[in-house]
Amino acid sequence: MFPFVRRKTVEPRDPKFSHCYATGSPDDGVLRDITKELSGIYQSHPGDIVFLCIGSDRSTGDSYGPFVGSQLKEHGCPYPVYGTIEKPVHALNISETLSEIRSRTTEPLIVSVDACLGSADRIGSILFNEGPLIPGFAIRNPLPGVGVCHFKGVVNHLDPHFPADSLNSTRLDTVLRLARITSGVILDSVRLAGSEKT
């Protein structure tokens with residue numbers, strides 16, 4: 001079954017897994033848990049693995065996904081990666097991108113990546129959860145849910161009145177740090193899955 005659902009059909013339920021890593025934490029156990037979780041997901045899926053990194057290079061906070069995508073490509077990720085700083089995937093082209101993924105892959109398992117806004121104490125956190133990601137939810141422009149699991153980088157606090165301003169006023173250092181950690185975890189999970197197959 002293709003893992004895309006529209007928001008109205010998503011029913012709330014407890015996910016099978018949910019991890020939160022705070023950047024700067026001395027304990028890397030959460031990152032190891034995410035790596036193992038992802039590796040197991042790859043190995044249990046018979047079809048193609050795809051990474052969909054959503055966001056825009058025109059907004060500092062929203063560039064988290066594209067930076068992750070660019071770093072995955074630069075480090076030789078063996079799976080298809082959609083969404084980079086050079087070629088971002090955003091609200092205007094996500095439908096076209098999903099159609100391309102359908103046509104180019106077999107039973108794609110999509111891992112989606114996007115920025116999000118949260119409380120001030122969560123800034124700099126990386127969330128990894130089961131289930132589809134709902135892009136654009138924070139800025140009140142929700143798009144179709146995508147992915148069987150997803151990463152969200154908390155890039156800034158949520159201003160309920162001007163959420164877009166929160167994205168645009170995000171520090172680039174925060175975005176780059178989150179992107180480096182996220183891409184590192186993904187690449188480690190790919191290597192782990194490959195080593196366990198041999």
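The second largest pocket holds about 320 Å³ of space, where a pocket is an open set of points, on a 1 Å grid over the protein atoms alone, at which a 1.4 Å probe fits, with protein on both sides within 12 Å along at least five of seven lines, and the volume is the space filled by probe spheres set on those points, joined across faces, edges and corners. The model is predicted, so that local features need pLDDT of at least 70 and side-chain atom pairs count only at pLDDT 80 or more, whereas totals for chains, interfaces and linings use all residues. Residues are numbered from 1 along each chain as its sequence is written, and side-chain values use heavy atoms, with hydrogens and water left out.

The lining of this pocket (residues with an atom within 4 Å of a point) comprises 16 residues, with K73, V81, Y82, G83 and K87 nearest the centre. At least two lining residues come from each of α2 (64-74), β4 (81-82) and α3 (94-104), and α3 supplies the largest share, four residues; helices (H or I, at least four residues) and strands (E, at least two) are DSSP runs numbered from the N terminus.
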